[in-house]
Amino acid sequence: MFTLKGVKFKDIIDVDRLDIAAGKVTCIVGESGSGKTTLLKLLNKMISCDVGQILYHEKDIAGIDPVEIRRQVVMLPQSPAIFEGSVEDNLLIGLKFSGKKLASKVELKQVLKLVNLNKKLDDEAESLSGGEKQRVALARVILMEPEVLLLDEPSSALDEDTEQLIINELVRYTLKNEKSLVMVTHSKKMATDFADEIIKIKDGAVIDKEVR
Ligand SMILES: Nc1ncnc2c1ncn2[C@@H]1O[C@H](COP(=O)(O)OP(=O)(O)OP(=O)(O)O)[C@@H](O)[C@H]1O
């Protein structure tokens, strides 16, 4: 799905060659500051590499409209934005922005279940806890049904049990719907429990790729 060839970004990323397969769960691990978030941002063209090529389904993303690629490759940042308004408003905002068909209330309730969030659609989003807000943001990106979901530390605000539960659901959902999940994580347990492939980054370079 993604192939990186000789990709450099500032002095942060320097990747000779990297393949990220479709239909799989890929975990990116590495020390703080090693370039994991930067690598994710390169994949959906939030930033562009200075040198090299990033291919998405064999097409150089340099030639793909950023809006178009972000419809298919959606990133959930480490600290996602929550907007004033209800949980429902916050769930629908991604679909609205990308011009996609809005979800029904039944679908919205289903996705809240998927992320294990027991809140009402008309609850005020800003009064939720940090972990609850993170789950609303996760539900928001799931609703967009992207082909590739990029998650940056999805579980940083969650307790271990909730994390396990949600990622488990998410992995099941991803594989069932033939989507791909690329996830940055600090958690060795998450990577060993869920990843098909583990990419290890150090100083912006890929130092190991484990296919499991
Ligand atoms: N646009 C930018 N311009 C200059 N430096 C940047 C930019 N983005 C990130 N950096 C720097 O690049 C390095 C890698 O940052 P990045 O956020 O990719 O690391 P990370 O591996 O995701 O870290 P963490 O695990 O702490 O989130 C850091 O030193 C950061 O300060």
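**View 1. Leucine 150 has valine 182 as its bridge partner in S8.** This is a predicted model. Strand S7 covers residues 148–152, and strand S8 covers residues 180–184. The two strands pair in the parallel sense. Five bridges link S7 and S8. Helix H1 packs on the sheet here and touches S3, S6, S7, S8 and S9. The direction of H1 makes about 150 degrees with that of S8. Helix H6, residues 160–176, also packs on the sheet. H6 touches S3, S7 and S8. The direction of H6 makes about 150 degrees with that of S8.

**View 2. Six strands line up in an open sheet.** Read the order as S6-S7-S8-S3-S9-S10. The pairing is mixed. Strand S6 (73–76) and S10 are the edge strands, and each pairs on one side only. From one strand to the next, the twist averages 15 degrees. In a regular strand, side chains alternate between the two faces of the sheet.

**View 3. Strand S9 pairs with S3 and with S10.** S3 spans residues 25–30, and S9 spans residues 197–202. They run parallel, joined by five bridges. Look for cysteine 27, which stands opposite isoleucine 198 in S9. S10 takes in residues 205–211. S9 and S10 run antiparallel, with six bridges between them. Lysine 202 stands opposite alanine 205 in S10. The hairpin of S9 and S10 has two residues between the strands. In this hairpin, aspartate 203 takes a positive phi near 45 degrees.

**View 4. Four strands make an open antiparallel sheet.** The order is S2-S1-S4-S5. The edges are strand S2 (13–20) and strand S5 (59–60), and each pairs on one side only. S1 and S4 run antiparallel and share five bridges. Leucine 4 stands opposite isoleucine 54 in S4. H1 lies across strand S1 (2–9), S2 and S4. H1 runs at about 120 degrees to S1.

**View 5. A hairpin joins S4 and S5.** Strand S4, residues 51–56, pairs with S5 in the antiparallel sense over two bridges. Tyrosine 56 has lysine 59 as its bridge partner in S5. Two residues sit between the strands of this hairpin. Here, histidine 57 takes a positive phi near 50 degrees.

**View 6. Helices H3 and H5 pack against each other.** Two packed helices are described by the angle between their axes and the distance between the axes. H3 is residues 87–97, and H5 is residues 130–143. Their axes are 8 Å apart, at an angle of about 40 degrees. H3 is therefore oblique to H5. The crossing of H3 and H5 is right-handed. From H3, the contact uses Val87, Asn90, Leu91, Ile93, Gly94 and Leu95. From H5, the contact uses Val136, Ala139, Arg140, Val141 and Leu143. By class, the contact has eight nonpolar, two polar and one charged residues.

Definitions and conventions:
Residues numbered from 1 in each chain as written. Predicted model: local features only at pLDDT ≥ 70, side-chain atom pairs only at ≥ 80, totals over all residues. Axes fitted to C-alpha atoms, helices over the stretch in contact; angles between N-to-C directions. Parallel < 35°, antiparallel > 145°, perpendicular 65-115°, else oblique. Left-handed = near helix turned anticlockwise from the far one by under 90°. Contact = placed C-beta atoms within 7 Å. Nonpolar A, V, L, I, M, F, W, Y, C, P; charged D, E, K, R; others polar. Pairing = 2+ DSSP bridges.
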